[in-house]
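Visitor: I am new to this structure and would like to understand the terms used to describe it. Please show it to me.

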Amino acid sequence: MRALPPFSKMAPAEGAGYRREMMAASRLELNLVRLLCRCEAMAAEKRDPEEWRLEKYVGALEDMLQALKAQPSKPASEVINEYSRKVDFLKGMLQAEKLTSASEKALANQFLAPGRVPTTARERVPATKTVHLQSRARYTSEMRSELLGTDSAGEPQLDVRKRVGVTGPRPGDEKQSAAELDLVLQRHQNLQEKLAEEMLGLARSLKTNTLAAQSVIKKDNQTLSHSLKMADQNLEKLKTESERLEQHTQKSVNWLLWAMLIVVCFIFISMILFIRIMPKLK
């Protein structure tokens, strides 16, 4: 349970409301952990196929997890993700148990992701990981029994679908079971080889796309470098021309000023001479 922050700087009503929210969130998380431990313990036990409580408990776990996510004072995102991972594992395990074939159960069990962190401090290994290993071993044993025509104790079954007689398995049935087992193993091997080929093709395609993108990026970098170089050259030329234009402008202004001063002086002297030379009117 997380420590509560001090309420010395809060208003009394705000502090009381915040304390109630923290207590509600902590109580909800505690109930979630307790129910999760109960579900993990039930999943580890051998249950009756008609047992319905675990499915109901997992549904309640989902509702509690959604409510915990909606709380304003919810736990850290890593803790929430771990809770979600364990709840999803329990849901996947229940769905795998509803399958009819042992091979389908084993295949579905391989895609389940158990929790990484123990639910309680007393656990050394996460309970979901232990349940995952137990269910994998159980489904593997069931699949082997299905293929070889034996029960869970390793003895031949008396069902006609397993092709075993009343007095025991016949040599022909044993050979046929061994051939069926080899056929199933061969199918799995072919499937793995096909998946490996597809992954190899995807890797080659990714490598080709990466090389093509690298070539395009390299050309773009060269074009960008050339553009930057041309921009620098144009900037230097523009700076030089600006300096020349400024000097030319300053020279033209100086000559114009001197010309205006000379004209003004000439007009002034001409007016004085005109006044001196012309006689006054009587």
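Visitor: Why does L273 count as partly exposed?

Guide: Buried means under 20% relative accessible area, exposed means over 50%, and partly exposed lies in between, with a 1.4 Å probe and protein chains only. L273 has 47% relative accessibility and therefore counts as partly exposed. Please note that this is a predicted model, in which local features need pLDDT of at least 70 and side-chain atom pairs count only at pLDDT 80 or more, while totals for chains, interfaces and linings use all residues. Residues are numbered from 1 along each chain as its sequence is written, and side-chain values use heavy atoms, leaving out hydrogens and water.

Visitor: Which helix holds L273?

Guide: L273 belongs to helix α6, residues 171-277. Helices are DSSP runs of H or I with at least four residues, strands are runs of E with at least two, and both are numbered from the N terminus. The chain has six helices and zero strands.

Visitor: What is recorded for residues 255-275?

Guide: An unreviewed UniProt entry annotates them as "transmembrane region"; positions follow the numbering used here, feature names are shortened, and annotations may be inferred rather than shown by experiment. In the model, this stretch is 100% helix and 0% strand, with its end C-alpha atoms 31 Å apart.

Visitor: What share of the chain is buried?

Guide: Of the 282 residues, 22% are buried.

Visitor: How far apart in sequence are the residues in contact?

Guide: Contact means heavy atoms within 4.5 Å. Among contacts between residues at least 6 apart in sequence, 61% join residues at least 24 apart.
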